[in-house]
Amino acid sequence: MDVTIVGGTGKEGFGLALRLLGAGHRVTIGSRSAERAAEAVARAMQTLGDDAIQVEGAENAASVLGADVVVVTVPFSGMIEIYASIAPALQQGQVVLDATSPLMAAVGGKAWQPITPWQGSAAELAASLLPDGIAIVAGFHTIGAHTLMALDDDVDSDALLCGDDEAAKRKVGDLIGSVPGMEWVDAGPLANARLTEPLTSLIITINRRYKLKDGGFRITGRDAWGSPES
């Protein structure tokens, strides 16, 4: 699958890029600066020890061209600017996975304190900034950068996905399921991102309390599950 990670020079985005490259996907790392994107590409090759991996870098707007899935992993404080820069370059049929966690750190508060956007969630705010024909899925609020960067270990956490477009949600789910240890859970419509996004602040709080860096969430009972109902 062709995947672009906007914000791929940050810790979470870069960790996800490494995981997806390891799973055999083609990844474009997007950044405000093409130079920083190129540096991240070189770092990915060095980290994975493989010059043959399918990775490239580009400025954000150029990076989304032709991607099957565009993952946005940027701080809440910068998301409106980022979406404004990539929206004109997106084409109908593309899927955007928004991983933004609205935290008080964006306005000078604590990283473990959530903030509620006017639209209800960061994902719903993102949807309002996208052109028609672009499907948006919310996810990755329960999988931290430290977990993604620990390449010697499988990802021991579920990704809770919210979205109104079932086909888009399943496409993102297939992408997530290709990473060893990572599984996805259909968490309902996009409005449910109002419930899943604050889990970031919860897991940060738990990690702080127990002096951890890799806490995550698992939904139990999976062996008895069938396909999610639309």
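This briefing describes the sheet, the helix packing and several individual residues of one predicted model. Because the model is predicted, local features need pLDDT of at least 70 and side-chain atom pairs count only at pLDDT 80 or more, while totals for chains, interfaces and linings use all residues. Residues are numbered from 1 along each chain as its sequence is written, and side-chain values use heavy atoms, with hydrogens and water left out. Helices (H or I, at least four residues) and strands (E, at least two) are DSSP runs, numbered from the N terminus.

**Sheet**

- Eight strands form an open sheet with mixed pairing, in the order β3-β2-β1-β4-β5-β6-β7-β8, where two strands pair if DSSP finds at least two bridges between them.
- The edges are taken by β3 (55-59) and β8 (183-186), each of which has a single partner strand, so one side of each is left without a neighbour in the sheet.
- On average, and with direction ignored, neighbouring strands of this sheet are turned by 25 degrees against each other; axes are lines fitted to C-alpha atoms, for helices over the stretch in contact, and angles run from 0 to 180 degrees between N-to-C directions.
- Strand β5 (residues 95-98) pairs with strand β6 (residues 135-138) in the parallel sense over four bridges, and aspartate 98 has alanine 138 in β6 as its bridge partner.

- Strand β7 (residues 158-163) is mostly covered, as six of its six residues are buried, where buried means under 20% relative accessible area, exposed over 50% and partly exposed in between (1.4 Å probe, protein chains only).
- Asp158, Leu160 and Cys162 point one way from β7, whereas Ala159, Leu161 and Gly163 point the other way, and all are buried.
- With β6, strand β7 pairs in the antiparallel sense over two bridges, and valine 137 has glycine 163 in β7 as its bridge partner.
- With β8, strand β7 runs parallel and is joined by four bridges, and the bridge partner of aspartate 158 in β8 is glutamate 183.
- From β7 the chain crosses through helix α7 (residues 166-177) to β8 in a right-handed β-α-β crossover, meaning that, with the strands pointing away from the viewer, the path from the first strand over the helix to the second runs clockwise.

**Helix packing**

- Helix α4 (residues 79-86) packs with helix α5 (residues 122-129) at an angle of about 30 degrees, and their axes are 10 Å apart.
- Met79, Ile80 and Tyr83 in α4 meet Ala122, Leu125, Ala126 and Leu129 in α5, contact meaning heavy atoms within 4.5 Å.
- Helix α2 (residues 34-48) lies across β2 (26-31) and β3, and runs at about 165 degrees to β3.

**Individual residues**

- Glutamate 124 lies in helix α5 and counts as buried at 15% relative accessibility; residues up to four places away in sequence not counted, glutamate 124 touches Gln119, Leu190, Ala191 and Arg194.
- Leucine 21, in helix α1 (residues 11-22), is buried with a relative accessible area of 6%, and its contacts, leaving aside neighbours within four places in sequence, are Val27, Ala44, Leu48, Ile53, Gln54 and Val55.
- Phenylalanine 140, in the loop between β6 and α6 (145-149), has a phi near 75 degrees, a positive value in a residue other than glycine, and is buried with a relative accessible area of 4%.
- Lysine 211 lies in the segment after α9 (199-210) and has a positive phi of about 55 degrees although it is not a glycine, while at 77% relative accessibility lysine 211 counts as exposed.
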